[in-house]
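Let's take a friendly walk through this chain, from the overall fold down to one side chain.

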Amino acid sequence: MSLFPVPHRPVPHRPAYLRLVRASGWYDLLVTAGFATPWTYTLVHGLLAQAGDAAGLGAFPALDPMQVLYANLMGSVVVVWSVLRVVRPLPLHGLLDGVARTLFALWQAYALAHGGPRVLWPFLVVEVAFGVAQLAPWVTAGRAADAKSVQGS
């Protein structure tokens, strides 16, 4: 019995899809590991601030305890989620990661629209790219299943 009873949908489980899920996990692990502790986040914040200033992409706000806390919470959760996808990539992990990336992209776009530093743009592009790549096979599989059920009627 499934925890979430939904009509059966084909699941993308080709090796290439699982490699994509694993690659997105490695990317997230490399990019967010520095956010997981106060000490590493201080270093990452400084590097991103310098890079943003040098490239003319906007200044970062000064560090404060709440910003560090939220960065550490996000970093810790993403590191654990990344390790799961690296160690045990499953099609469902790709679907859920695609949904999470959609949310992350929305919030990054919101920040950019409200004056956030333009250094967010490269991260937004990667979020969208991985999100589309991981969600597209699910959409395609769902359409194929719908077409098949219509033909069988």
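## The chain as a whole

Of the 153 residues in the chain, 32% are buried (under 20% relative accessible area with a 1.4 Å probe, protein chains only). This is a predicted model, where local features need pLDDT of at least 70, side-chain atom pairs count only at pLDDT 80 or more, and totals for chains, interfaces and linings use all residues. Numbering starts from 1 along each chain as its sequence is written, and side-chain values use heavy atoms, leaving out hydrogens and water.

The chain has five helices and zero strands (DSSP runs, numbered from the N terminus: H or I of at least four residues for helices, E of at least two for strands).

## The largest nonpolar core

Which residues form the largest nonpolar core? The six are F35, Y41, V44, L48, V68 and A71. Such a core is a set of buried Ala, Val, Leu, Ile, Met, Phe, Trp, Tyr and Cys residues joined through side-chain atoms within 4.5 Å. Helix 2 (38-54) and helix 3 (65-87) each give two or more residues to this core, and helix 2 supplies the largest share, three residues.

## A look at Y41

Y41 sits in helix 2 and is buried, with a relative accessible area of 6%. Beyond its neighbours within four places in sequence, Y41 is in contact with G34, F35, L63, Q67, V68, A71 and N72 (contact means heavy atoms within 4.5 Å).

Y41 and Q67 lie 26 residues apart in sequence and 9.9 Å apart in space, C-alpha to C-alpha. Their side chains make a polar contact at 2.8 Å (a pair of N or O atoms within 3.5 Å; within protein, one must be able to donate a hydrogen and the other to accept it, and residues adjacent in sequence count only if both atoms are side-chain atoms).

How values were computed: Buried means under 20% relative accessible area, exposed over 50%, partly exposed in between (1.4 Å probe, protein chains only).
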